[in-house]
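The sequence and structure come first.

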Amino acid sequence: MADLTHAHPVLLGPVRLETRFTADELLVRIFPDEWSVDSFEPRPTRAELSAMDAYWTAVWRSAGDRGGEQAAWHELTGRVQQGRAAHLLRTHLPANPSEKPSGLAAGTAVLVITTPQALPAEDRRPTVAYWSAVWRAHGDRGRLRDAEVALLAAVGPRRAGPIRSRTPAGMEAAPLAAGDSVAVAFLVVPQPPDSEIAPSSWTQAAKATLLPDRFRVFGYRDGRLVCEATGADVTGPLSVSPDPGTARAEQLQVDEETGTLRVPPDLKWMTCFDAAVEAGMGVRIPLDATIRLGLHQLVVLGLRERATPEQSASALTELITHQVRSPAGFALLPQGTPTNNTERLPAGQDPRQESEAARRAAYGFTAEAAPGDWTAKTDGQWFAEFLGIDPAALTAVPNADRTDLRDARAANTALWPATWGNHLRTTLHPMLSERTVAQTREFFLRYVSGRGPLPVVKIGRQPYGILVTTAFDRLTWPASAGHRRGLHRLLNEAAADWGKATGKVARLGKDSGDAHRQLLDILALHPSSAEFHQRYAQSVDDLFNRENLDGRGHLVVSALERLRMAEPVRELLTRLGAPAGDTDLLARLFVDGQHPLTGPLIDDRPLSETDPVRPYTTAPGRNYLQWLAEYAGRDLETIRQERGFADDARPAALFYLMLRHAVLLGWVETGRRLALAKGLAAPSPADPPFVHIADDPDHPAVLLPSESRYRQLYAKEPDVTGNEEPLHLFVPRALRAGDPATAELAEQVAALDLLADLPTARLERVFTEHLDCAGYRMDAWRLGLATEKLAELRYGPDGTGVPGRGLHLGAYGWLEDVAPRVGSLPEVTVPEQLRPVFGAHALPHDPQGGGWIHAPSPAQARTAAVLRAGYLANGGRENSTAFAVNLSSGRVRVALALLDGSVPKPTRGHGRGRYRA
């Protein structure tokens, strides 16, 4: 492969692979994926222009009403794909925007006369008078005659005819209000010349673009490279559909006499392997003894080596722009978008919501947030900056203005003190220094996320996730970057254990002995945690003292020494690179029982994609996030005593409990830092084993820490505050003054404010992702190392520079367990009339194959394919009706009855009846 510059990342898009073993070769075919297909039609059709005219007419009729303009947009995007609609609207504009009606009295009817050229000045006043009179006539024949007479008297018969022929939009609509208030408006929308109008919606072949210069194929067995081959140069953009502009005789068609399929030369590479090899989309690999055994992995890679990073970024920008404006469309997918159809929701984003999201970006998208300001960045800005492309490419891209990535970082910031912050400072005390904890926090908040650093993309109907990754075993840091070197070493050690654990997860290709159970286990998997439990930990000192009340303390010590419970923990910490010495964790004994947390996770109402947490406080009613955001930076006592909730009913949601605990710990840490900044003593960040327990007078040398971590906040610290007030009253002033010791608390308060008005379903996702990143999501931490490297490429070492542009482009694909069929297939005789089609007298036949299904529609083909797969797995001669591909009306009625009986219904005997076909 080419030695690319390290100053730019490489974006690899997927390709589809097919393989076949012959007697002496392994044939590898490569097909472009939808992400690289450009089907943009530059010219509008007459139907699209008509839809544009209808839109502008509706906008004029709305007279500045936002609801009316929004309805006009949704009507338009019901006829034209939203990205293309936005593109056409920017090129098909009214010539008289200043005449758009606005400021009309309520109830005024607006009549719009749409023309391609402006009306003569002398015809405007008579036109307004005539059509206003016709409107006010409300069908009365006498008043209509009066309007006609007045028009003829004003302009004469010659000019009256054209005025009558221009019937304004809105004349046939029912009046919106009683009365005769009416306004006649003029809309001038010039029409392009015929040469700039497409005769149909499909005028050229779709092309696969941004393909690599060439592909290389790598074959592996047992992790060892056993073969590689390089294909021919890829011959530029490849046609992936017929070209309607070619002559009829050259089109894709079947010869009715011979039955042969005639394929145009531009599409030969898709059907002929020799043509695919010539086009660089096919590779021949000679077989040897090792390859004949099969390959465990087959990997295909290709790069655009001749293009500079700037040229590749420009080409990618053009492709995205074309896809936005094509019928397929290009969008960013919101987190939580359903991927499967259910009875409650169909797959994909709601079309109306997607249309509205495109409307918000229809007239341009800009990256307004500063590079270092994550609180103001949208998903679209993150996408453009990390890919190194012009943000203007995201104009009219649905959901480019969403903040899913910001929401995840806000949750991580708000919850850190109660999860990772508490674990590192308390549970692992005194193993980690304050500097190490601070560096870990900075790394986690900036680069670790359960949803990754880039939004999900949808091209057509296919979603694509963009994974930021690298060769982790080749990552290096300078000697001065001790924290990252240590973190990388720790994650590599943990990866071995994590890899063993993932081997227990159900997946395809794993021989479990029970295919049905394996399928159900796969379907039962969740992308994030679905339930939560708690477990208590008891300190060894507490257990010893409790037992020692009866004189049995020595038994606790001897039992612990005999069980050697701390040894595995010490060994694990040592293997992970921890320094010598015990931590607070080793002084804890975790009980066996785990208790499910059955209370609400976010709110005591069902999750919603639109509604925030319900109000919990007295007037003015605020939800608990708004309450926390208001008081977290100015009143510790209100947070501690939970003042202000209606009827003194405190929220029971786990999210609230964790956030409140995080706020309290954030104040504790702020108090410690204020004291340390003045050179004063500060309490240990660890929890004391006992609180308010007097020292043993018989052992005066043994001084036990027995003060709460919160005590300092309520003590007088005149060296810090400058007066005799408790420290917690000084913290808000220090926060407003921007004291460096309050920086983390300030970030926490800002994060709460960002979360306060989010819908509950979005809160549930960011909360569970955070907890998962504090649990089993080691992948998010490892990918954070790659994300940090990418951020350094884009923004510089400090993360605040102007984002750089440019990237390398390529493609990849892989297959697993590529092996030839064992044994040869029997041959069957080809019927005489088909021999010219197949060019043979006999063909190999697979007795285990399911054959082909010819279906009259895609929907029936999908249904038949599901049944065929089920039949091959479960059917046979002994059970010929199981999953049989038989869609007769009788079988359909039986299936519907069985499905209906499996759905819970409120009626008591539902599903118990007998059905007769």
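## Aromatic cluster

Trp416, Trp420, Phe443, Phe444, Tyr447 and Trp781 are joined into a cluster by ring pairs. Rings of Phe, Tyr and Trp (its six-membered ring) pair if their centres lie within 6.5 Å. Across the whole structure, 20 aromatic pairs are found.

The model is predicted: local features need pLDDT of at least 70 and side-chain atom pairs pLDDT 80 or more, while totals for chains, interfaces and linings use all residues. Numbering starts from 1 along each chain as its sequence is written, and side-chain values use heavy atoms, without hydrogens and water.

## Charges over rings

The charged end of Arg614 lies over the ring of Tyr616, 3.8 Å from its centre. Arg16 is placed over the ring of Phe31, with 4.4 Å from its charged end to the ring centre. The criterion is NZ of Lys or CZ of Arg within 6 Å of the ring centre and within 35 degrees of the ring normal.

## Cavities

There are 2 cavities of 30 Å³ or more. A cavity is a set of points on a 1 Å grid over the protein atoms alone where a 1.4 Å probe fits but cannot get out; lining residues have an atom within 4 Å of a point.

Key:
Phe/Tyr/Trp six-rings, centres within 6.5 Å; stacked < 30°, edge-to-face > 60°. 1 Å grid on protein atoms, 1.4 Å probe; cavity = no way out; pocket = protein on both sides within 12 Å on 5 of 7 lines; lining within 4 Å. Points joined across faces, edges and corners; volume = space filled by probe spheres on them.
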